[in-house]
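Dear colleague,

Please find below the structure that I am handing over to you. A summary of the findings follows it.

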Amino acid sequence: MTMTTPPSGPTYTEAVAAFSSLFGAPLETIDIDAIHQPLDEGPLAPLAAIPAIRDAVASLREIVIAQGEPQKGVSELNKAFCKLFMGLGGPRSAPPYESAYTGDGRLFQEPAREMDKLLQQQGLAPSEEFPEAADHLALELSLMEETLRLAGLTEDRNDIALVRDLHTRLLGWVPNFAGACAAHDPSGFYAEAAKLLLTFLKLPHPKLTPAAA
């Protein structure tokens, strides 16, 4: 596989799911332990499966290992997660919501309403255990993951169109999100993860072909 060759549909989908998890919740000790294992194991394994970004994934892993023992890594990365994504950093944060990077930057605006409609159209809704606005990065990626799985099974034109629309949507605001992470992340881990997500989104995606009418 070369830099310009798209990953397979399943490989791409699993990578989207991995990114969704990475930005949806702080890493736990079990995750840090797994990251300390060989690159092809643990939460970063689906990303390492894509040759075009494997070296960058390895660099992301090294940031975790440099934190020292897993318990210390959990503490430092959780502090960074809370500062960046849960508002504890105040103006030195990186809100993981599309609304923060569009319009006047206020949260819960049109992007959140649009995402609510898209989730409803797909028969989905945010989990009660994840009480975030629908334009949260993890939810946009999760919807993309679910729709990729559907499109892979059904080759439905509407699902394929939604995957493409979500991809365009993410490319519209993730660059600014990645910039905010780069400016304010005390750990360096989430800055690299956001940069990696942006690189991933710029890769060719797997070919999705509508079924014949």
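**Salt bridges and burial**

E110 is partly exposed, at 36% relative accessibility (buried means under 20% relative accessible area, exposed over 50%, partly exposed in between, with a 1.4 Å probe and protein chains only). This is a predicted model, in which local features need pLDDT of at least 70 and side-chain atom pairs count only at pLDDT 80 or more, while totals for chains, interfaces and linings use all residues. Residues are numbered from 1 along each chain as its sequence is written, and side-chain values use heavy atoms, with hydrogens and water left out.

E110 forms a salt bridge with R113, the closest N and O atoms being 3.1 Å apart (a salt bridge is a side-chain nitrogen of Lys or Arg within 4 Å of a carboxyl oxygen of Asp or Glu). Both residues lie in helix α6 (residues 110-121), three residues apart, about one turn of the helix; helices are DSSP runs of H or I with at least four residues, numbered from the N terminus. R113 is partly exposed, at 41%.

The whole structure holds ten salt bridges. Another of them joins R169 and E140, at 3.6 Å from N to O. This pair links distant parts of the chain, with R169 in helix α8 and E140 in helix α7, 29 residues apart. R169 is buried, with a relative accessible area of 15%, and E140 is buried at 1%. Salt bridges that share partners join E98, E114, E140 and R169 into one network.

Ten of the 13 residues of α9 are buried, so this helix is largely enclosed by the rest of the structure.

Yours sincerely

Note on methods
Helices (H or I, at least four residues) and strands (E, at least two) are DSSP runs, numbered from the N terminus.
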